[in-house]
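Hi everyone, thanks for coming. Please take a look at the chain on the screen, and then I'll walk you through it.

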Amino acid sequence: MDPPAPRPFRRPVLHQALVAVASLLVPRHDRAAWRARQDRRLFEWWLLAERGEFPRPGAELAQLLREAFTHAWRQRVPAERFRKWWGSPLAVIELACGAAAILALATGGCAYTRGLIRLADVLLAQRADVRSDVLAAHAFMLAVGWAVGATTLVLRHPPMSFGRLSAWALYLFQCIAATALISVAWIEGGAAWRACFPLSEGTRVLGTLLLSALYPAALGSTLIWITKDQVRRCPVCLHRLEMPVSIGSWSSVFNPPATELLCAEGHGSLVLPDAEDIAGRQWIALDDSWRQLFRHTPA
Ligand SMILES: [Zn+2]
């Protein structure tokens with residue numbers, strides 16, 4: 001008896017549509033040619049899949065689509081330009097604004113948080129006999145989270161000499177934005193959890209406890225990350241330093257292990273001890289004669 005013939009693979013219409021969506025990322029003057037190339041790749045994949053050439057056609061197709069989206073994105077934003085943006089202080093501000101917009105959209109304009117603020121307003125004005133237990137529980141956890149955050153900043157803040165006023169302003173912005181975003185996300189996340197499990201008391205309590213434990217932990221670790229990120233920025237242009245090079249040795253007393261980083265704009269280099277000693281960082285400013293070596297071609 002002959003083995004059953006392989007089932008013909010269906011034409012990937014959905015994936016063709018996804019390639020069409022990806023093509024919107026490509027600049028208009030290259031879009032038609034780019035889409036024709038991707039459609040041809042998809043068609044060739046389909047022919048091979050029908051012949052049974054791929055042991056896992058789904059995985060191959062997913063890879064094809066991933067490559068198409070990545071390539072389309074690279075056409076829109078070249079890797080060098082993205083790297084430069086990612087390391088810039090502007091990226092911090094834009095990402096914080098983007099996260100705030102997404103949070104507001106996902107939570108109906110932070111409806112539960114606004115409700116809590118109104119409740120606090122009524123309570124403080126003593127205009128009505130309102131329930132204060134919900135407010136007290138949130139205020140307590142916010143106080144715990146902010147106490148953890150403040151302790152983290154006291155213990156791990158950058159050295160006072162780490163940069164100009166603009167560096168401190170960026171650091172302050174990051175700390176305030178992270179605290180506000182994580183606090184609102186925690187409040188809205190808790191409200192969404194309670195709305196999803198209105199009937200099961202056990203699940204509600206478990207979820208509330210879990211979120212309450214996660215909140216100070218997330219805030220503390222984010223502030224530590226912000227401090228680490230900040231001390232790796234150029235104190236002049238506030239861009240992230242690049243090209244890390246390991247120097248020194250653990251066996252040497254006079255030359256301990258450290259990482260040396262450079263500002264891509266040529267403002268200087270930073271030596272950061274590997275022993276997590278932020279205060280031990282050493283900034284070496286370069287004069288203007290070095291600038292020509294670092295200047296890269298505009299993206
Ligand atoms: Zn710089």
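**A walk through the chain**

Let's start with valine 148, which counts as partly exposed because it has 18 C-beta neighbours inside 10 Å. The cut-offs here are 20 or more other C-beta atoms within 10 Å of a residue's own for buried, 12 or fewer for exposed, and partly exposed in between, with C-beta atoms placed from the backbone.

Before I go on, a word on what you are seeing. This is a predicted model, in which local features need pLDDT of at least 70 and side-chain atom pairs count only at pLDDT 80 or more, while totals for chains, interfaces and linings use all residues. Residues are numbered from 1 along each chain as its sequence is written.

Back to valine 148, then, which sits in helix α7, residues 133–156. Helices (H or I, at least four residues) and strands (E, at least two) are DSSP runs, numbered from the N terminus. What does valine 148 touch, leaving aside its neighbours within four places in sequence? Its contacts are Pro216, Leu219 and Gly220, where contact means that the C-beta atoms of two residues, placed from the backbone, lie within 7 Å. Leucine 223 is 75 residues away from valine 148 in sequence, and their C-alpha atoms are 9.9 Å apart in space.

Now let's zoom out. The chain has 10 helices and 4 strands, and along the sequence they follow the pattern α-α-α-α-α-α-α-α-α-β-β-β-β-α. Of the 299 residues, 16% are buried. Among contacts with a separation of 6 or more, 57% are between residues 24 or more positions apart.

How confident is the predictor? pLDDT is its confidence in each residue, from 0 to 100. The chain has a mean pLDDT of 83, with 87% of its residues at 70 or more.

On to the inside. How many residues are in the largest nonpolar core? It has 20, and Leu241 and Leu261 have the most contacts inside it. By nonpolar core I mean a set of buried Ala, Val, Leu, Ile, Met, Phe, Trp, Tyr and Cys residues joined through C-beta atoms within 7 Å. Two or more residues each come from α8 (165–196), α9 (201–231), β2 (258–262) and β3 (268–273). Helix α8 gives the largest share of this core, 6 residues. At least three residues come from each of domain 2 (84–231) and domain 3 (242–294); those bounds come from an automatic or database domain assignment. Apart from this core lies another, of 5 residues, including Val19 and Ala68.

Leucine 241 itself, leaving aside neighbours within four places in sequence, has contacts that include Arg232, Cys234, Leu261 and Leu270.

Among the buried residues of α8 are Tyr171, Cys175, Ile182 and Trp186.

Let's move to the strands, where pairing means that DSSP finds at least two bridges between two strands. Strand β1 (residues 242–247) pairs with β2 in the antiparallel sense over 4 bridges, and isoleucine 247 stands opposite alanine 258 in β2. Strands β2 and β3 also run antiparallel, joined by 5 bridges. Here alanine 258 stands opposite proline 273 in β3. These two strands form a hairpin with 5 residues between them, and glycine 266 in the turn has a positive phi of about 85°. Finally, β3 pairs antiparallel with strand β4 (residues 282–285) over 4 bridges, with isoleucine 284 in β4 as the bridge partner of serine 269.

Leucine 238 has a positive phi of about 65° although it is not a glycine. It lies in the loop between α9 and β1, and counts as buried because it has 21 C-beta neighbours inside 10 Å. Methionine 243, not a glycine either, has a positive phi of about 50°. Is methionine 243 buried or exposed? This residue of strand β1 is exposed, with 11 other C-beta atoms within 10 Å.

Key
pLDDT = per-residue confidence, 0-100.
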